[in-house]
Amino acid sequence: MEFSEWYSDILERAEIFDVRYPIKGCGVYLPYGFKIRKYTFEIIRKLLDERGHDEVLFPLLIPEDLLAKEGEHIKGFEDEVFWVTHGGREKLEKKLALRPTSETAIYYMFKLWIKVHTDMPIKIYQVVNTFRYETKHTRPLIRLREIMTFKEAHTAHSTKEDAEKQVKEAIEIYKEFFDTLGIPYLISKRPSWDKFPGAEYTFAFDTIFPDGRAIQIATVHNLSQNFSKTFDIVFETPDGGKDYAYQTCYGISDRAIASIIAIHGDEKGLCLPPVVAPYQIVIVPLIFKDNKEPLNKAKELKEKLKSYRVYLDDRDIRPGRKFNEWELRGVPLRIEIGPKDIENKKITIFRRDTMEKFQICEDELEKIDEILNDIMENMRKKAIKKFEDFITIMDYDVDRIKETLNNKRGIILIPFDESIYNSELEEKVEARVLGETEYKGKKYIAIAKTY
Ligand code: PR8
């Protein structure tokens, strides 16, 4: 099955995201998908909170003049903005934009909050929906017009060095986030023609989907003083002088969820990392006729395993059907309890990642922790192996690059060379230049067909 077909099929059958909502590029998170989203974004919230970020919430609407204040920024976004033009029947005097991102909303307030150098650093983030009128082919959770989960962080600093340090911290945060999820990535400094509108420079994380196409899953931008100068975010320096704030911003989206699905899934369906699985363990009692023992044992077990997210599936349907359903939904670990197991004081365990079945003694439940860790480690290794198989290192040769991108796809790395690194390279190789990157200690230009 082609990847895109597999992907749509899984979203539907595993009940993650319903695409039938009657607006292009919009969809509905279903309860199971919502839980995956919740646990995934809990990880990033924790990482940001631990590093001194505060969560805030800004309005969805941005007045036209505010959005248009920073020239490069509005140029980058003007074709993508949804506008609110009416309040009831009345035409609004000033059009209001549905935020495509929140720099302009947030920096308007930064001006009011920042007066002296001691007011900084400010490190805030919000998890909100944003709207982009995407004209490229929309895809569920990958290219949305309503980005349902946009986690955007914005910071302000009193020195250039602090802002640069912040960029590094943000990269470390995202590394830890994707490492936790077992999602491999390549970090590159985007070429100047592809940086975030209004940024001094942009770093991006790209991963590779099973069809060999690269996808940008996170970005970190050093905004320098570009926005602070247009938004007049001025502060008093320690020596009594004046300076403009140094700013950064960084974001991820529902693509994190799409990546979990795409990268770990297989022909059986989803395969979820235990950290984000809505149910880490499903217990299926094998009930024969009136023998209530397996069900009682299952309830007992659920109680003993309450430090995990456990689902006890006691529905009155055949166990085989339950197995298939939970495999499709990617539950990392299944416990089966039948009369035989009870007799032998054992429980049967099934691992979704390897599809192996084995038994452990019923008084060895502490092993479950080890098994779940091993599942995560194994999933991470498998994903990295697939990712590395998709990386091709070669010398600069337009025909070979094109041929490799058409057949094997993935990301091509060619030794970094200033003289060939320009936007014409994209036309020549008919693909995107992801940017400058370091791979295993060497500097390269990364090229790929992208989403
Ligand atoms: C910023 N400002 O906005 P960015 N559907 C799903 N995910 C998307 C889409 C879409 N249509 N468009 C972008 N993304 C900065 C940083 C505040 C935060 C995802 O940066 O425009 C991409 O993974 O790069 C992108 O890298 C991320 O949102 C942040 O958006």
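Helices here are DSSP runs of H or I with at least four residues, numbered from the N terminus. One more thing before we start: this is a predicted model.

**Exercise 1. Work out how E50 and K46 are placed in helix 2, and what their side chains do.**

Step 1: Find the helix. Helix 2 covers residues 31-50, and both E50 and K46 belong to it.

Step 2: Look at the spacing. E50 and K46 are four residues apart, so about one helical turn separates them.

Step 3: Check the side chains. They meet in a salt bridge, at 3.0 Å from N to O. Side chains of opposite charge can pair when their charged atoms come close.

Step 4: Is K46 buried or exposed? Exposed means over 50% relative accessible area, and K46 has 53%, so K46 counts as exposed.

**Exercise 2. Find out which parts of the chain the salt bridge between D194 and R432 ties together.**

Step 1: Start with the contact itself. The side chains of D194 and R432 meet in a salt bridge of 2.9 Å, N to O.

Step 2: Place each partner. D194 sits in the loop between strand 9 (186-189) and strand 10 (201-208), while R432 is in strand 22 (residues 432-439), so the pair links parts that are 238 residues apart in sequence.

Step 3: Look at accessibility. D194 is partly exposed at 23%, and R432 also counts as partly exposed, at 28%.

**Exercise 3. Decide whether Q280 and D363 are buried or exposed.**

Step 1: Q280 is in the loop between helix 8 (255-264) and strand 15 (281-285). Buried means under 20%, so Q280, with a relative accessible area of 12%, is buried.

Step 2: Check who touches Q280. Beyond residues up to four places away in sequence, its contacts include Y308, R309 and L372.

Step 3: D363 is in the loop between strand 19 (356-361) and helix 12 (367-389). At 62% relative accessibility, D363 counts as exposed.

Step 4: Look around D363. Together with E366, D369 and E370, D363 gathers in a patch of negative charge on the surface.

Technical notes:
Residues numbered from 1 in each chain as written. Predicted model: local features only at pLDDT ≥ 70, side-chain atom pairs only at ≥ 80, totals over all residues. Heavy atoms only, no water. Patch = residues over 30% accessible without salt bridge, like charges linked within 9 Å, V, L, I, M, F, W, Y side chains within 5 Å. Areas by Shrake-Rupley, 256 points an atom, 1.4 Å probe, with all protein chains shown as cover. Salt bridge = Lys/Arg side-chain N within 4 Å of Asp/Glu carboxyl O. Lys, Arg positive; Asp, Glu negative; His and termini not counted. Charge placed at Lys NZ, Arg CZ, Asp CG, Glu CD. Helix = DSSP H or I, 4+ residues; strand = E, 2+ residues; numbered from the N terminus. Buried < 20%, exposed > 50% of the residue type's maximum accessible area, 1.4 Å probe, protein only. Contact = heavy atoms within 4.5 Å.
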